[in-house]
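This report looks at a few strands, the turns that link them and some backbone angles. Please keep the sequence and the model in view while reading.

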Amino acid sequence: MEIGDMIEITRGQYKHWALYIGHGKVIQLVVPDGPSRVAFCSFSSSSGSVSCKGTITIETLQDVAAGNTYKINNYLDDEYKPRRTDVIMGDVDKMRGSTIKYDLLGHNCEHFVTFLRYGKSKSKQADDFLNNVLTGTAGLLGVLTAVAASTAAAASTLSK
């Protein structure tokens with residue numbers, strides 16, 4: 001494992017991401033679980049949006065993995081050039097302990113880790129989720145359209 005490697009940790013239905021920074025440690029973006037999450041999120045009644053904050057922590061990979069399986073997954077190396085180790089570690093030093101915006105689909109732990117490695121925020125997991133929702137929505141709209149059309153055709157036949 002090398003400094004700057006992205007670590008993908010399997011946590012049931014989703015993947016958590018951290019970045020290896022050496023000596024068995026990783027940096028990650030986390031949002032508290034349970035009741036304490038409320039203190040890190042706010043709801044805007046005017047826009048209907050939820051805004052959350054995440055904390056950047058440095059912990060051992062073993063503690064972060066917590067018995068879950070993990071692997072190195074630098075999946076964007078063919079698309080983007082990884083930044084130099086000194087640049088990554090400079091950002092790590094600046095960011096450690098900070099609280100920043102957290103958004104499940106727009107700025108999550110995977111976005112954070114890809115930004116550190118490549119200087120670009122990407123999340124395949126969020127993109128896949130959105131694509132599935134859109135595909136599912138399109139599929140559902142197609143079914144509803146077919147049902148509406150067949151209902152209209154049946155009504156037309158009955159009225160004759």
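With a relative accessibility of 57%, Ala-66 counts as exposed, where exposed means over 50% relative accessible area, buried means under 20%, and partly exposed lies in between (1.4 Å probe, protein chains only). Ala-66 sits in the loop between α2 (61-65) and β6 (70-72), helices (H or I, at least four residues) and strands (E, at least two) being DSSP runs numbered from the N terminus.

The model is predicted, so local features need pLDDT of at least 70 and side-chain atom pairs count only at pLDDT 80 or more, while totals for chains, interfaces and linings use all residues. Residues are numbered from 1 along each chain as its sequence is written, and side-chain values use heavy atoms, with hydrogens and water left out.

Most residues other than glycine have a negative phi.

| Residue | Phi | Relative accessibility |
|---|---|---|
| His-23 | near 55° | 81% |
| Ala-66 | near 50° | 57% |

His-23 lies in the loop between β2 and β3, and these strands form a hairpin with 2 residues between them. Strand β2 (residues 14-22) is largely enclosed by the rest of the structure, because 7 of its 9 residues are buried. β2 runs antiparallel to β3 (residues 25-30), joined by 3 bridges, and two strands pair if DSSP finds at least two bridges between them. In this pairing Leu-19 stands opposite Ile-27 in β3.

β2 also runs antiparallel to β1 (residues 6-11), with 6 bridges joining the two, and Ile-9 stands opposite His-16 in β2. The hairpin of β1 and β2 has 2 residues between the strands, and Gly-12 there takes a positive phi near 65°.
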